[in-house]
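This report describes one protein chain for a reader who has not seen it before.

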Amino acid sequence: MNSWLRQHLFAINDAFTHLFKAPGGFALNVLVVAIALALPFGGLTLIENVRPVSEQLAVEPEISIFMALDAARDKTTALAKPIDAILQQRHSTATVMFIPREDALISLKNKTGMDDALTTLGQNPLPDAYVLKLTGFHDAPDAARIDTIAADLKALPGVDTVQVDSEWVKRLAALLGILRLVLMFLAITLAVVVVAVVFNTVRLQVLTQREEIAVAKLVGATDAFIHRPFYYTGALLGLCAGGLALGAVALGLQPLNQAIAEFARLYASEFRLLPLNWIASLVLLAISAGLGLVGALLSVRRHLARLA
C-alpha cells in the first residue's frame, strides 16, 4: 500500500514539475477547455434555476366554462349534472366549482381596484361560469383527451366559451424538455472537444519527453510508471478548466441578475439566478477531470506505443 501511494505521489509531483516548466501553454489549454465547458455548465445552471419555478406551477389543467350573458340562472345551475356526465364518459375526474356572475364581479373589483370603471358600465359584464380542475393529467398524450372534454362542454346549451387555462404550463414543461435534450447534445459535443484538446496536449508532452521516456525504459521503468504522470496531467487540466468554467458562469450571473431583477419586478417577483450548489459543482468538477483523464489515456496509449 505504501509503495502504491509513493508511486502515485511521485507521478503527481512529476506532472506538476513538467507543467511548471511550460505554464503558459498549460494555461492556454485550460482556457480553451474552460470555454468549451462553460456552455453546458451555463445551460445546466439556467435549467436548474428554472426547474423549481416550473414545479411550483399548477400542472393540473383547468377548464373554464363561460355561460352566455342572457342564460337563465336555473338553466346554468342545471348544467352541473351534464358536466359530471361528460367527465364520467371521458373517464376523467375533476373538482367542479360554480362561480355566479355576482361573485366574479366582486372578485374582479377586489383584485383590480376598477370600482369606478365597472360602476360606469351600469350592469354586470361578467357571465356565470364553471371552473373544472382536472386531476390525473400529467403526460403529453392527455392533451387530446382534454381537448375532447372541452369540445363536449362547448356543445352544452347556454355555453358561450370554453377555455383551457393551463395549456401554457404544459408548453413550458415541453420547452424545458427540449432544452434538456439540446443541453445534453451540446454537452456530448463539447465533451468530445475537451477530450480532443487534452489528447493533443498530452501528445505534445509525450513528444517533448520522448528522450526521458526512452531513458526510463532502459533503466527498467514499467509502462504504468511512465503513463501515470500523463494521466494526472490530463486530469489536472480538466479539473482546472472545470473550476475556471464554474467561476466564469458564477460571475456571468451577476449582470444577468441585474437585468432579470427589472423584469421580475414587473411581476412582483424576486426571481434571480443562483450558482449551482456545492454537490452539483463537485460532480461537474469530477466530470471535467474524468474527461481530461480519458483524453490523456487515449493519447498515451496511442503515442507511447509508437515509442516502444
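## Overall make-up

The chain has eleven helices and four strands; helices (H or I, at least four residues) and strands (E, at least two) are DSSP runs numbered from the N terminus. This is a predicted model, in which local features need pLDDT of at least 70 and side-chain atom pairs count only at pLDDT 80 or more, while totals for chains, interfaces and linings use all residues. Residues are numbered from 1 along each chain as its sequence is written, and side-chain values use heavy atoms, with hydrogens and water left out.

Of the 308 residues, 33% count as buried, where buried means under 20% relative accessible area, exposed over 50% and partly exposed in between (1.4 Å probe, protein chains only). Among contacts (heavy atoms within 4.5 Å) with a separation of 6 or more, 84% join residues 24 or more positions apart.

## Nonpolar cores

A nonpolar core is a set of buried Ala, Val, Leu, Ile, Met, Phe, Trp, Tyr and Cys residues joined through side-chain atoms within 4.5 Å. The largest one has 34 residues, and V33, L37, F41, V194, V202, F230 and L304 have the most contacts inside it. At least two residues of this core come from each of α2 (23–56), α8 (167–208), α9 (210–218), α10 and α11 (278–307). Helix α10 gives the most, with nine residues. Apart from this core lies another, of 18 residues, including I63, I86, L132 and L134.

Beyond its neighbours within four places in sequence, L37 is in contact with V194, G238, A241, G242, A245, S288 and L291.

## Helices α1 and α10

The axes of α1 (residues 2–21) and α10 come within 8 Å and cross at roughly 60°. Axes are lines fitted to C-alpha atoms, for helices over the stretch in contact, with angles from 0 to 180 degrees between N-to-C directions. The two helices are therefore oblique to each other; angles under 35 degrees count as roughly parallel, over 145 as roughly antiparallel, 65 to 115 as roughly perpendicular and the rest as oblique.

In this pair, Q7, H8, F10, A11, I12, D14, A15, F16 and L19 of α1 meet F225, R228, P229, Y232, T233 and L236 of α10.

## Residue T233

T233 lies in helix α10, which spans residues 223–265. Is T233 buried or exposed? T233 is buried, with a relative accessible area of 1%. Not counting residues up to four places away in sequence, T233 touches A15, L19 and Q205. The C-alpha atoms of T233 and A296 are separated by 7.6 Å, although these residues are 63 residues apart along the chain.
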